[in-house]
Amino acid sequence: MDDREMYDEITALIGAVAKALETSETEVVTAIEQGRLEMELLTDAEGANYVAVACDGKSAHIYPGAIFRPGDEPDADTGGCGHGGCGCGH
C-alpha cells in the first residue's frame, strides 16, 4: 500500500489533465516540472466547480465526469446548463 499523502487524488488529476489535453501522463508530469502547465480551480456561472488547464496552446475545463475544450457546445438535453452530463445535478 502506498502511504504518500493524496497519491491517488494526484494520480487521478494527472490522468484527467492528460485526457483533457489529449497527451500522455508522462508529458503532463514533464510540463509540470518545466512550469509549462497552467492549472486553476474555478467555479462557473452555474456554481459548478472545475479545473481550468492550459499547456502548449491547448486548454480545457475539467468537470467531475466531463471535459470541455474550446469550441465545445453545450448539450441541448442538459437544459442549457452546458455541462453535458457532468453529473452536477443541473
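The following questions and answers concern a predicted model of a protein.

Student: In what order do the elements of the protein run from the N terminus on?
Tutor: The protein has two helices and four strands. From the N terminus on, the order of these elements is α-α-β-β-β-β.

Student: How are helices α1 and α2 oriented to each other?
Tutor: Helix α1 covers residues 7-20 and helix α2 covers residues 25-33. Their axes come within 8 Å and cross at roughly 105°. Angles of 65 to 115 degrees count as roughly perpendicular. Therefore α1 and α2 are, to each other, roughly perpendicular.

Student: Which residues make the contact between α1 and α2?
Tutor: The axes of the two helices cross at roughly 105°. On the α1 side the contact is made by I14, G15, V17 and A18. On the α2 side the residues are E25, V28 and V29.

Student: What is the distance between the closest N and O atoms in the salt bridge of R36 with E27?
Tutor: R36 counts as partly exposed, at 24% relative accessibility. E27 also counts as partly exposed, with a value of 29%. In the salt bridge between R36 and E27, the closest N and O atoms are apart by 2.3 Å.

Student: How many residues apart in sequence are the parts that the pair R36 and D56 ties together?
Tutor: The side chains of R36 and D56 meet in a salt bridge, at 2.9 Å from N to O. R36 lies in the loop between α2 and β1, and D56 lies in the loop between β2 and β3 (58-63). The pair therefore ties together parts whose separation in sequence is 20 residues.

Student: Is D56 buried or exposed?
Tutor: The relative accessibility of D56 is 55%. The cut-off for this class is over 50%, so D56 counts as exposed.

Student: Which side chain of opposite charge is nearest to D44, and how far away is that side chain?
Tutor: D44 lies in the loop between β1 (38-43) and β2 (49-55). D44 is buried yet has no salt bridge. A salt bridge needs the nitrogen and the oxygen within 4 Å.

Student: Which backbone nitrogen does the side chain of D44 reach?
Tutor: At 2.9 Å, its side chain reaches the backbone nitrogen of E46.

Student: Does A66 count as buried or exposed?
Tutor: A66 is placed in strand β4. Its relative accessibility is 11%. The cut-off is under 20%, so A66 counts as buried.

Student: How far apart in space are A66 and A20, C-alpha to C-alpha?
Tutor: In sequence, A66 and A20 are 46 residues apart. In space, the C-alpha to C-alpha distance is 9.2 Å.

Student: What separates the C-alpha atoms of P70 and A60?
Tutor: P70 is in the segment after β4 (66-68). P70 is exposed, with a relative accessible area of 64%. P70 and A60 are ten residues apart along the chain, and their C-alpha atoms are separated by 6.7 Å.

Definitions and conventions:
Residues are numbered from 1 along each chain as its sequence is written. This is a predicted model: local features need pLDDT of at least 70, side-chain atom pairs count only at pLDDT 80 or more; totals for chains, interfaces and linings use all residues. Side-chain values use heavy atoms; hydrogens and water are left out. Buried means under 20% relative accessible area, exposed over 50%, partly exposed in between (1.4 Å probe, protein chains only). Lys and Arg count as positive and Asp and Glu as negative; His and the chain ends are not counted. A polar contact is a pair of N or O atoms within 3.5 Å; within protein, one must be able to donate a hydrogen and the other to accept it, and residues adjacent in sequence count only if both atoms are side-chain atoms. Axes are lines fitted to C-alpha atoms, for helices over the stretch in contact, and angles run from 0 to 180 degrees between N-to-C directions. Angles under 35 degrees count as roughly parallel, over 145 as roughly antiparallel, 65 to 115 as roughly perpendicular and the rest as oblique. Contact means heavy atoms within 4.5 Å.
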